[in-house]
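Subject: Structure handover

Hello,

Here is the structure I promised to pass on. Please open it and keep it beside you while you read my notes below.

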Amino acid sequence: MTDAPDLPLSRDFFDRPVLEVAPDLLGRTLMRHTPEGRIALRLTEVEAYDGERDPGSHAYRGRTVRNASMYGPPGHAYVYFIYGMWFSLNLVCGPKGHASGVLLRGGEILTGTELAAARRPKARSTHELAKGPARLATALDIDRTLDGTDLCAGGDAPLSVLHGRPATPGQVRSGPRTGVGGDGADHPWRYWIDGDPTVSPYRRHAPRRRTTTAT
């Protein structure tokens, strides 16, 4: 554990296999600089996606305009739009060209609670402000304009990750990823801090029903 929790993580931290980076992000501090002020979030839940060999990854079928940021360099943001409603934030890791990343699923707001709450007026408690990837992105004002942001730029960059207070190995749990179906359904690549109230509930993939038109 570092004695400098406010020190930004280096690019070397992200330039490792995704299954090493993902659990090591738990307890780290995500900093978001907005025009209204700063929001700091302690990461409590993440999921790993391992590029073109991972059926659950956006890169499984290769590079597209949408997923280009996943291909690196490491230490950048990959932001995508889902269900025509929500944004999700991923941290790109691994060697350039591999397209691996860590989805940020949940966290505890440390500072900037009023700013986050203003964006999440339906949250019933502070624990719900960033409980789930869409809620996290909404609370921190994350959208596609931040796709490709360098997390290691330092200064007043829109996004950065600080050393924080890493979770101890005994606090970390793992299991299947939420909502992932097919061949990637059972990969135990979701990681969370045991017992933390900001961790979202696990949900298995439920195939969407196709509607039929009467003739």
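D141 forms a salt bridge with R32, and their closest N and O atoms are 3.9 Å apart. Keep in mind that this is a predicted model. Side chains of opposite charge can pair when their charged atoms come close.

Where do D141 and R32 lie? D141 sits in the loop between α4 and β6, while R32 belongs to strand β1 (residues 29-34), so the pair ties together parts that are 109 residues apart in sequence. R32 is buried, because its relative accessible area is 7% and the limit for buried is under 20%. D141 is partly exposed, at 31%.

Most residues other than glycine have a negative phi.

The other salt bridges come next. A search of the whole structure finds 16 of them. One joins D147 and R144, at 3.5 Å from N to O. R144 is partly exposed, with 32% relative accessibility. Another joins D194 and R173, with the closest N and O atoms 3.3 Å apart. This pair links distant parts of the chain: D194 is in the segment after β8 (190-193), R173 is in strand β7 (residues 172-175), and 21 residues separate them. D194 is partly exposed at 44%. R173 is partly exposed too, at 33%. Salt bridges that share partners also join R32, E36, R119 and D141 into one network.

Now the overall fold. The protein has four helices and eight strands. Along the sequence they follow the pattern α-α-β-β-β-β-β-α-α-β-β-β. The C-alpha trace spans about 65 × 40 × 35 Å along its principal axes. What radius of gyration does the protein have? It has 17 Å, which agrees with the value near 17 Å for a compact globule of 215 residues. Among contacts between residues at least 6 apart in sequence, 63% join residues at least 24 apart.

Next, the inside. Of the 215 residues, 48% count as buried. The largest nonpolar core holds 39 residues, and F14, L25, L89, V102 and L104 touch the most other members. Strand β2 (residues 37-50) gives the most to this core, with five residues. Apart from this core lies another, of 10 residues, among them A59, Y80, V92 and L103.

Look at L104 in your viewer. Leaving aside neighbours within four places in sequence, L104 has contacts that include L30, L43, L89, P133 and L136.

Then the surface. The protein exposes about 10,900 Å², and carbon and sulfur atoms supply 51% of it. Y83, M85 and W86 form a nonpolar patch there, with about 370 Å² of accessible area together. Y83 lies in the loop between β3 (77-82) and β4 (86-93). Is Y83 buried or exposed? Y83 counts as exposed, because its relative accessibility is 57% and the limit is over 50%.

Two more backbone spots deserve a look. Most peptide bonds are trans. The bond from G72 to P73 is cis, with omega near 10°. P73 lies in the loop between β2 and β3. A99 has a positive phi, near 70°, and is not a glycine. A99 is found in the loop between β4 and β5 (100-111). A99 is buried, with a relative accessible area of 0%.

Best wishes

Note on methods
Residues are numbered from 1 along each chain as its sequence is written. This is a predicted model: local features need pLDDT of at least 70, side-chain atom pairs count only at pLDDT 80 or more; totals for chains, interfaces and linings use all residues. Side-chain values use heavy atoms; hydrogens and water are left out. Patches are made of residues with over 30% relative accessible area and no salt bridge: like charges are joined within 9 Å, nonpolar side chains (Val, Leu, Ile, Met, Phe, Trp, Tyr) within 5 Å. Accessible areas come from the Shrake-Rupley method with a 1.4 Å probe; for residues, only the protein chains shown count as cover. A salt bridge is a side-chain nitrogen of Lys or Arg within 4 Å of a carboxyl oxygen of Asp or Glu. Helices (H or I, at least four residues) and strands (E, at least two) are DSSP runs, numbered from the N terminus. Buried means under 20% relative accessible area, exposed over 50%, partly exposed in between (1.4 Å probe, protein chains only). The radius of gyration is taken over C-alpha atoms; the globule rule is 2.2 Å times the number of residues to the power 0.38. Contact means heavy atoms within 4.5 Å. A nonpolar core is a set of buried Ala, Val, Leu, Ile, Met, Phe, Trp, Tyr and Cys residues joined through side-chain atoms within 4.5 Å.
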